[in-house]
Amino acid sequence: MPGPTRGFLGRRRERDTRLPPGQYDAGREWPVLTAEPTPRISPETWSITVDGRVETPTTWSWDEAHRLPRSEYRGAIHCVTTWSKFDTWFAGVSVDTLLEAARPTPDAHFVMATSKTGYTTNLPLEDVTGGKAWVVWEYDGGPLPVEHGGPVRLLVPHLYFWKSAKWVSRLTLMQRDQPGFWEQNGYHDRGDPWREQRYQGD
Ligand SMILES: Nc1nc2c(c(=O)[nH]1)N[C@H]1C(S)=C(S)[C@@H](COP(=O)(O)O)O[C@H]1N2
Ligand SMILES: [Mo]
């Protein structure tokens, strides 16, 4: 049965199905959102540590991290301030690879990501396993720009972008959830853009 207003509605622009509710397409723009002063971190002094509820707390230097299997993400990112950006291309290492080495203990259920600057953000362990999260140092085939977290940031693209800690240096596995920087300031503990989990209680 043909819909009575089909011809009229058909002329409306279709909403991009890649766009979660309440988001707009920022196009080629990539806004910078940083709460703290942008640090200068040389690759030689950067390292990433996985500790907390793990059997083998492990630290990788820049060179050691680059010898791990390379993993890429191509797709969208979504900021809680309502911009989304499509067709991004990041490369680094899968968080799965780091966790395989550190071996979370059975009571590990959450992760606190900490930046070299002290910025923190909490995540359920399930949201950084199964090919859903990366530690990245490349964007669009070049080094990750410093204002976007270079030399290395966390990338958890299926959650709002505040979960993707810039200048990340530590992933701490925890038994119980603890709020990070924005989560203490009212942002949601999980932050799924498809469920519009922007603030605590959403
Ligand atoms: N260290 C650190 N990481 C951070 C932030 C921050 O202020 N400090 N802001 C978060 C927020 S709110 C967003 S939207 C993204 C912004 O990343 P971008 O500046 O590369 O767009 O980084 C996230 N990671
Ligand atoms: Mo954000």
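In this predicted model, P151 is found in the loop that runs between β9 (142-143) and β10 (153-155). The peptide bond that joins G150 and P151 is cis, with omega at about 15°. P151 is buried, because its relative accessible area is 10% and the limit for a buried residue is under 20%. Leaving aside residues up to four places away in sequence, P151 touches I41, W46, W62, V136, W137, L144 and W167.

UniProt, in an unreviewed entry, places the feature "domain: Oxidoreductase molybdopterin-binding" at residues 37-182. Over residues 37-182 the chain is 40% strand and 10% helix. The end C-alpha atoms of this stretch are 16 Å apart.

R74 is found in strand β4, which covers residues 71-78. With a relative accessibility of 57%, R74 counts as exposed, since the class of exposed residues begins over 50%. R74 touches T88 and W89 when residues up to four places away in sequence are not counted. W89 is 15 residues from R74 along the chain, yet their C-alpha atoms are separated by 4.5 Å.

T82 is found in the loop between β4 and β5 (83-94). Phi of T82 is near 90°, a positive value in a residue other than glycine. At 25% relative accessibility, T82 counts as partly exposed. D87, by contrast, has its place in strand β5. The phi angle of D87 is likewise positive, near 60°, and D87 too is a residue other than glycine. D87 counts as exposed, because its relative accessibility is 60%.

The aromatic side chains form another level of organisation. A pair of aromatic rings is described by the distance of the centres and the angle of the planes. The structure holds 13 aromatic pairs. One of them is formed by W30 and Y139: the ring centres are 4.5 Å apart and the planes meet at 45°, so the pair is tilted. W30 lies in the loop between β1 (24-25) and β2 (47-52), while Y139 lies in strand β8 (residues 134-139); the pair therefore ties together parts that are 109 residues apart in sequence. Both W30 and Y139 are buried.

Y119 and F181 form another aromatic pair, also tilted, at 5.8 Å centre to centre and with 45° between the planes. This pair links distant parts of the chain, 62 residues apart: Y119 is in the loop between β6 (110-115) and β7 (120-124), and F181 is in helix α4 (residues 181-184). The two partners fall into separate accessibility classes. Y119 is buried, with a relative accessible area of 12%, whereas F181 is partly exposed, with a relative accessible area of 31%. Ring pairs also join Y119 and F181 with Y160, W162, W182, Y187 and Y199 into a cluster.

Of the 22 residues that line the pocket, the closest to its centre are L33, T34, Y119, W162 and W182. Among these, Y119, W162 and W182 are members of the aromatic cluster.

About 40 Å³ of space lies in the largest cavity. V95, L99, V111, L123, L125, V128, L154 and L171 line this cavity.

Terms used. Residues numbered from 1 in each chain as written. Chains lettered and ligands numbered in written order. Predicted model: local features only at pLDDT ≥ 70, side-chain atom pairs only at ≥ 80, totals over all residues. Heavy atoms only, no water. UniProt positions renumbered as here; feature names shortened; annotations may be inferred. Helix = DSSP H or I, 4+ residues; strand = E, 2+ residues; numbered from the N terminus. Buried < 20%, exposed > 50% of the residue type's maximum accessible area, 1.4 Å probe, protein only. Contact = heavy atoms within 4.5 Å. 1 Å grid on protein atoms, 1.4 Å probe; cavity = no way out; pocket = protein on both sides within 12 Å on 5 of 7 lines; lining within 4 Å. Phe/Tyr/Trp six-rings, centres within 6.5 Å; stacked < 30°, edge-to-face > 60°. Points joined across faces, edges and corners; volume = space filled by probe spheres on them.
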